[in-house]
Amino acid sequence: MGAGYHGGFGATAGSHSHVVAADSTLVGNGKGFELKEAAKRVKKEKGFTDVAVHGSPDSISVIVNKNGKDKEIVLDHRRLAKFLKSDKGYDGGKIRLLSCKTGSETGTFAQNLANKMGVTVRAPSDTLYIFPSGRMVIGPNMFTNTGRWIDYHPQKRKR
Amino acid sequence: MKLRTIGYYKEMPHGQETDPYMEEFINQEDPEQAEKICNYLRNGSALIVSPGETIDVLCPEKGFSGTATAYTDGTWVWPGDLAYYVESYLLRIPEEFRQTMIHNNWQNPVADVDFTKESIEINGIQMF
């Protein structure tokens with residue numbers, strides 16, 4: 001599988017999640033359009049499918065805009081796994097989460113997703129910033145690149 | 001394009017030590033102008049996109065406050081959660097920022113700019 005792009009829970013008022021030709025994008029409604037566009041500029045990594053979505057150490061979220069106000073809908077790794085498994089844009093293989101803090105060592109999201117999907121999940125340890133050039137910074141702010149990408153491999157369930 | 005950050009506060013996760021404390025400016029914005037300010041902030045151009053949500057730092061129980069995405073109007077760069085604090089707490093924006101909004105007739109003058117083709121400097125640092 002080539003390095004694809006998959007992501008951007010976000011924009012398009014009133015839309016439902018859907019797949020966009022060529023890349024497959026899960027789009028909500030709200031700020032996701034910006035993320036979707038930014039994710040397209042990121043340099044692809046061979047063997048990984050990029051999944052761009054607003055995130056945190058333990059969950060991801062879709063930002064929907066209702067009556068001019070952004071509202072967050074929180075999703076767990078199971079919901080994302082379910083979406084990915086049914087999405088034409090993802091045909092297996094490693095996943096890179098373009099999603100803030102999902103690889104945080106204090107969190108669980110990336111590891112849980114790796115376990116659920118049975119594939120390696122690469123995720124940022126801190127807040128992710130995507131520049132217009134596609135350059136990415138991982139850190140507490142856009143000036144401070146102190147974070148890193150962490151690979152989470154599927155683990156067998158302990159008995 | 002030379003830009004400066006504004007509307008970043010120490011309490012914010014994306015704020016820095018050199019930024020001011022937000023608490024000093026709470027309940028000081030003109031309620032009649034707050035809506036215009038929020039519209040301006042929410043219609044800025046996304047410059048550096050951050051795919052993460054931020055939480056209300058003054059009252060975490062309230063939850064979602066926006067994102068750390070950096071928006072611009074071609075003069076200033078502000079965070080994606082600034083509008084939330086203006087709306088929810090009447091956070092007073094810096095006067096020089098207000099003057100820029102008035103000068104721009106409350107419209108984002110760089111709404112159609114393609115930043116992938118621009119050289120951008122923020123606070124004197126060449127970003128891209």
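Trainee: How many residues of chain B are in contact with chain A?

Mentor: In this predicted model, 30 residues of chain B are in contact with 30 residues of chain A, contact meaning heavy atoms within 4.5 Å. Residues are numbered from 1 along each chain as its sequence is written, chains are lettered from A and ligands numbered from 1 in the order in which they are written, and side-chain values use heavy atoms, with hydrogens and water left out. Local features need pLDDT of at least 70 and side-chain atom pairs count only at pLDDT 80 or more, while totals for chains, interfaces and linings use all residues.

Trainee: What area do chain B and chain A bury between them?

Mentor: About 2300 Å², 64% of it on carbon and sulfur atoms. Buried area here is the accessible area (1.4 Å probe) that two parts lose on being put together, summed over both. Val49(B), Pro51(B) and Phe64(B) supply 28% of the area that chain B buries against chain A, more than any other three residues.

Trainee: Which elements of chain B give two or more residues to that side?

Mentor: They are β2 (45-48), β4 (64-67) and β5 (70-72) of chain B. Helices (H or I, at least four residues) and strands (E, at least two) are DSSP runs, numbered from the N terminus. β2(B) gives the largest share, 3 residues.

Trainee: And by class, what is on the side of chain B that touches chain A?

Mentor: There are 17 nonpolar, 10 polar and 3 charged residues. In this scheme Ala, Val, Leu, Ile, Met, Phe, Trp, Tyr, Cys and Pro count as nonpolar, Asp, Glu, Lys and Arg as charged, and the others, Gly among them, as polar.

Trainee: How many salt bridges between chain B and chain A?

Mentor: The count is 0, a salt bridge being a side-chain nitrogen of Lys or Arg within 4 Å of a carboxyl oxygen of Asp or Glu. The rule does find 7 residue pairs in polar contact across the interface, both residues at pLDDT 80 or more. A polar contact is a pair of N or O atoms within 3.5 Å; within protein, one must be able to donate a hydrogen and the other to accept it, and residues adjacent in sequence count only if both atoms are side-chain atoms.

Trainee: Take Thr67(B). Where does it lie?

Mentor: Thr67(B) is in strand β4 of chain B. It counts as buried, at 4% relative accessibility. The cut-offs are under 20% relative accessible area for buried, over 50% for exposed, and partly exposed in between (1.4 Å probe, protein chains only).

Trainee: What does Thr67(B) touch?

Mentor: Not counting residues up to four places away in sequence, its contacts include His54(A) and Ile63(A), along with Pro79(B) and Asp81(B). Its side chain also reaches the backbone nitrogen of Thr69(B) at 3.2 Å.

Trainee: Switching to chain A. In what order do the strands of the open sheet run?

Mentor: The order is β3-β4-β5, 3 strands with antiparallel pairing. Two strands pair if DSSP finds at least two bridges between them. β3 (54-55) and β5 (69-75) stand at the edges with a single partner strand each, so one side of each has no neighbour in the sheet.

Trainee: How many bridges join β4(A) to β5(A)?

Mentor: 7 bridges join β4 (residues 60-66) to β5(A). Ile60(A) stands opposite Leu75(A), and Lys66(A) has Lys69(A) as its bridge partner. The two strands form a hairpin with 2 residues between them, and Asn67(A) in the turn has a positive phi of about 50°.

Trainee: What about β3(A) and β4(A)?

Mentor: They are joined by 2 bridges and form a hairpin with 4 residues between them. His54(A) has Ser61(A) as its bridge partner in β4(A). Of the 7 residues of β4(A), 5 are buried, so the strand is largely enclosed by the rest of the structure.

Trainee: Back to salt bridges. How many does the structure hold over all chains?

Mentor: 12. Arg96(A) forms one with Asp50(A), the closest N and O atoms being 2.6 Å apart. That pair links strand β6 and strand β2 of chain A, 46 residues apart. Both Arg96(A) and Asp50(A) are buried.

Trainee: Which residues are in the network with Arg96(A)?

Mentor: Salt bridges that share partners join Lys44(A), Glu45(A), Asp50(A), Arg96(A), Arg122(A) and Asp151(A) into one network. Within it, Arg96(A) and Glu45(A) have their closest N and O atoms 2.8 Å apart.
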